[in-house]
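Thank you all for coming; I would like to take a few minutes to walk through one protein model with you. Please have a look at the sequence and the structure first, and then we can go through the details together.

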Amino acid sequence: MRCAVRSWLVQRITALLLFLLFIFSIFSLRFSEWIFPLDIEYLRSRWSVLFVSATFVLITQYHALLGLNVIIEDYIASSFLRKILIALNIIFVGSTVFAFVAVFYKLFF
């Protein structure tokens, strides 16, 4: 499978997963016993909520990486500038994923 076709397909799969996780999150929050939105003790006792939240953030970051790469490849004419922007995109998404994992670990472990 060519790289462009694979990127298109993965973009659609991540969009579908994000939609399904969003619907699941809405229903799980609607029927939960939360008093405050940031009730850490409640979240610590509900591993499914933690798993869905972590999955949602990670898939969102990957979806953003794919989308921004497509925009950069389509609209930036200079090959040198395109490579720099793609590298910056990867660094930015990698740093946000690292920050999320660090905060997740600090709060829940």
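Let me begin with a question: is Gln 11 buried or exposed? Please keep in mind, while you think about it, that what we are looking at is a predicted model. Gln 11 turns out to be buried, because its relative accessible area is 13%, and the cut-off for buried is under 20%.

Before we stay with that residue, let me describe the protein as a whole. The protein has 4 helices and 0 strands, and if you read along the sequence you find the pattern α-α-α-α. Of the 109 residues in the protein, 25% are buried, and the accessible surface comes to about 8200 Å², with 76% of that surface belonging to carbon and sulfur atoms. If we take the contacts in the protein with a separation of 6 or more, 69% of them are between residues 24 or more positions apart.

Now back to Gln 11, which lies in helix H1. Its side chain makes a polar contact with the side chain of His 63, at 3.3 Å, and, leaving aside neighbours within four places in sequence, Gln 11 is in contact with His 63, Leu 66 and Gly 67. Thr 14 also lies in helix H1, and Thr 14 counts as buried because its relative accessibility is 7%. The side chain of Thr 14 makes a polar contact with the side chain of His 63 as well, here at 2.7 Å, and, not counting residues up to four places away in sequence, Thr 14 touches Ile 59, Tyr 62 and His 63.

That brings us to helix H3, which runs over residues 47-75.

Finally, let us turn to the surface. Phe 27 lies in helix H1, which covers residues 3-30, but Phe 27 counts as exposed, because its relative accessibility is 51%. Phe 27 belongs to a nonpolar surface patch of about 690 Å², which is made by Leu 16, Phe 19, Leu 20, Phe 22, Ile 23, Ile 26 and Phe 27.

Definitions and conventions:
Residues numbered from 1 in each chain as written. Predicted model: local features only at pLDDT ≥ 70, side-chain atom pairs only at ≥ 80, totals over all residues. Heavy atoms only, no water. Patch = residues over 30% accessible without salt bridge, like charges linked within 9 Å, V, L, I, M, F, W, Y side chains within 5 Å. Areas by Shrake-Rupley, 256 points an atom, 1.4 Å probe, with all protein chains shown as cover. Salt bridge = Lys/Arg side-chain N within 4 Å of Asp/Glu carboxyl O. Helix = DSSP H or I, 4+ residues; strand = E, 2+ residues; numbered from the N terminus. Buried < 20%, exposed > 50% of the residue type's maximum accessible area, 1.4 Å probe, protein only. Polar contact = N/O pair within 3.5 Å; in protein donor to acceptor, adjacent residues only side chain to side chain. Contact = heavy atoms within 4.5 Å. Expected span 1.5 Å × (residues − 1).
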